[in-house]
Structures are given as structure tokens and as C-alpha cells.
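Welcome! Take a moment to look over the sequence and turn the structure around before reading on.

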Amino acid sequence: MSATTRETVDALFSRIAADDFAGAGELFADEVDWDIPGATEIVPWIGRRRTGVEAGEFYAGLDDYLERDVFEVERIFVDGDEAVAVGHLRSIVRATGGVIETPFAIRMTVNAGRITRYLILEDSYQVAAAAGR
């Protein structure tokens, strides 16, 4: 039996909190529609990914770019195979010292216990400003 949408989303955030990035990557489908829209020419860690392996690599490589301070999921809404997590984050860009402090919303689609779509919406202007200092 596959995990429910809520169980999968909870597992993702638990693994991220535990720095289990390989485990987080395992929750993504082999093919995934992943996007963090924004100025990819300024912010190297955002943009599109197409595979579960690339999704796992995103988490594993994030500490190369950011000193993570706060990542708080305040609420998760689930409707069938769709979920939205809302919260806020605070990080420091290692290359510039710029501070990213923004609310976020993450939209996910889960099929058979694996994430097939992942979209992060955040203050992309502020992220680019902090990264481009």
C-alpha cells in the first residue's frame, strides 16, 4: 500500500529537518515537474528539475549556497493527491552575506506515495537581491 499524500509530505519535511537529503530525494518520482521560479542567472540553486535524482541533489547541494537559519512549515493543506504547505524561511547567502527572509508556499502532487510535482513560490525578488549583492 502506498503512503497517503499527507504521509508523504510529512515524511519529506521530516527528512529535510533531519538533513536526510538522500531520503528526501527518494520521495520524488523518477520523473518530476519541479520548479522554483526566479532569476536563475543570479540564483544558481533555483530553477527547474526533471528527475527525482535532481530533486535529491537540490537538497544535498543547498548548504553549498545557503546557511539555513529558519524553515518553518506553518500549515499543510491536503485535497486528494494535492498538497500545499505554507510557512516562512530565513537563510543567509554564503557568497554575499545577503539575508533571505520570505514566506513560502509549496504546491505538491503525490501519486502512489511519490511526489510528481513540486512548485515553490517565494519572494523571488528578495532571493535574487540577497544572492546578487
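In which sense do E4 and strand E5 pair, and over how many bridges? Keep that in mind as we go. One thing to know at the start is that this is a predicted model.

## A hairpin to begin with

E4 and strand E5, which covers residues 99-111, pair in the antiparallel sense, and eleven bridges hold the count.

The hairpin of E3 and E4 has two residues between its strands, and Gly80 takes a positive phi near 65 degrees in it.

Now look at E4 itself, residues 82-93. In a regular strand, side chains alternate between the two faces of the sheet. The covered face of E4 is made of Ala83, Ala85, Gly87, Leu89, Ser91 and Val93. On the uncovered face you will find Glu82, Val84, Val86, His88, Arg90 and Ile92.

## A residue in a helix

Let us move to Ala24, which belongs to helix H2 (residues 21-26). Is Ala24 buried or exposed? Its relative accessible area is 0%, and buried means under 20%, so Ala24 is buried.

Which residues does Ala24 touch, leaving aside those up to four places away in sequence? They are Leu12, Arg15, Ile16 and Tyr59. Leu12 is twelve residues from Ala24 along the chain, yet their C-alpha atoms are separated by 5.4 Å.

## The whole chain

Stepping back, the protein chain has four helices and six strands. Along the sequence they follow the pattern α-α-β-β-α-β-β-β-β-α. The C-alpha trace spans about 50 × 25 × 25 Å along its principal axes. A compact globule of 133 residues would have a radius of gyration near 14 Å, and the protein chain has 14 Å, so the two agree.

Of the 133 residues, 41% are buried. Among contacts between residues at least 6 apart in sequence, 52% join residues at least 24 apart. The accessible surface comes to about 7,100 Å², with 49% of it belonging to carbon and sulfur atoms. As for charge, there are 13 positive and 24 negative side chains, and the centres of these two sets lie 2 Å apart.

Methods. Residues are numbered from 1 along each chain as its sequence is written. This is a predicted model: local features need pLDDT of at least 70, side-chain atom pairs count only at pLDDT 80 or more; totals for chains, interfaces and linings use all residues. Side-chain values use heavy atoms; hydrogens and water are left out. The radius of gyration is taken over C-alpha atoms; the globule rule is 2.2 Å times the number of residues to the power 0.38. Buried means under 20% relative accessible area, exposed over 50%, partly exposed in between (1.4 Å probe, protein chains only). Contact means heavy atoms within 4.5 Å. Accessible areas come from the Shrake-Rupley method with a 1.4 Å probe; for residues, only the protein chains shown count as cover. Lys and Arg count as positive and Asp and Glu as negative; His and the chain ends are not counted. The place of a charge is taken as NZ of Lys, CZ of Arg, CG of Asp or CD of Glu. Two strands pair if DSSP finds at least two bridges between them.
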